[in-house]
Amino acid sequence: MTTTRRTLLYAAPLAAGALLSACTGSPTEPGADTADQGADSGPDEGSDGGADGGSGDGADVDPSGIETLATGLQAPWSIAFHGGTALISERDSARVLELAADGTTREVGVIEDVTPGGEGGLMGLAVHEGHLFTCATTAGGNRIERRELSGEAGALSLGPPQVLLDAIPSASNHNGGRLAIGPDEMLYATTGDAGDPQSAQDLDSLAGKILRIAPDGSVPTDGPFSGSPVVSYGHRNPQGIAWTEDGQLVASEFGQNTWDELNLIDPGADFGWPDIEGIAEQGEQEEQDGQDGPVDPILQWPPADASPSGIAIVGGIAYVACLRGERLRVVPLDAPETQSELLVGEFGRLRDAVVAPDGSLWVLTNTTDGRGDPPPDGDRVLRLEMADG
Ligand SMILES: [Ca+2]
């Protein structure tokens, strides 16, 4: 297979079987993991699976090397880079950690006023021009703040908080919570429906949306809805956002019972929830109001095989960290049907995937949040090397 896109160098020191499935992208058996996952995954970040979504041959995979960069993390949620230094959020402790080259972590600070509970707590991180942005659950809803980062690597500290956006509806489930700086240097945030599905269709609610604000918290004047930070609506619980080199925003989203989604986000678009889950069935689209109707996902998966959270895009390929599905999905965006999968069942639930400054792909495991089966050394950061294929 000749390709110019960047592909993944990967090795599976632990399980040849996982390597085989990574290479072939063989379909998983429906319900195969429900015995040990169904009981503890609940209805939200993993729910009852349906039929097999299938997966075919995807990106070239050249087994070579995988590295554990850090262990001992507790319910980690997000990785963001401040220069060459990785910052990691822990959901329940509300700690922001910095990762040293030797794999040790150091507490940079604890985000104040965080009220962890269910899926809430300290969630997404983003860094832009010396500032750390956080999304966290507080008594007054989910809140986006920024703080100045000061000091050198190994001695970083946080300045006082500035609240950028407050009172985003929160609940024990469906908090969204992912942050990212876009190619337009704006701050994007995903929000869940917080248990009120209809709020996703209410343009006056911040729930069930993808939002966009300036780094100072102001609402950009060029958004699709005047005076509003809303970019897109009709989302249930999106937790992953990333951009292609062409600037296309891509988002992952948890479905309810039937279909998780991977969506291409265009400003102003409706993504269907709660009327439609996954790709619209015949007839569902006609029932919708609006000129263009809701937008279908480019790909859908049964929650048992996915439950997607953070995503990273490298060379036109989206890498999707899956919680209940316990795998990294590999989706060539120009041919989503050729998707494949990596790390299947090897490291448990996966929460985030990010591109590091050196171009490698980092993946954050998530086995210690009460739903996984944690190893004795807690959660970890994995490094997967990328190479030109
Ligand atoms: Ca949808």
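Student: What share of the 389 residues in the chain is buried?
Tutor: Buried residues make up 51% of them. Bear in mind that this is a predicted model.

Student: How many helices and strands are there in the chain?
Tutor: The chain has two helices and 28 strands.

Student: And the contacts with a separation of 6 or more, what percentage comes from residues 24 or more positions apart?
Tutor: Such pairs account for 57% of those contacts.

Student: Switching to Ile-181. Where is it?
Tutor: Ile-181 sits in strand S13, which covers residues 179–181.

Student: Why is Ile-181 classed as partly exposed?
Tutor: Ile-181 has 17 other C-beta atoms within 10 Å. Being buried takes 20 or more and being exposed takes 12 or fewer, so a residue in between is partly exposed.

Student: Which residues is Ile-181 in contact with, leaving aside neighbours within four places in sequence?
Tutor: Ala-126, His-128 and Leu-187.

Student: What separates the C-alpha atoms of Ile-181 and Pro-215?
Tutor: The distance is 8.7 Å, for two residues 34 apart along the chain.

Student: Now the open sheet of four strands. What order do the strands have?
Tutor: The order is S21-S22-S23-S24, and the pairing is antiparallel.

Student: Which are the edge strands?
Tutor: S21 (308–314) and S24 (340–342), each of which pairs on one side only. From one strand to the next, the twist averages 25°.

Student: How many bridges between S22 and S23?
Tutor: Six, in the antiparallel sense, joining residues 317–322 of S22 with residues 327–332 of S23.

Student: What stands opposite Cys-322?
Tutor: Arg-327 in S23.

Terms used: Residues numbered from 1 in each chain as written. Predicted model: local features only at pLDDT ≥ 70, side-chain atom pairs only at ≥ 80, totals over all residues. Contact = placed C-beta atoms within 7 Å. Pairing = 2+ DSSP bridges. Axes fitted to C-alpha atoms, helices over the stretch in contact; angles between N-to-C directions.
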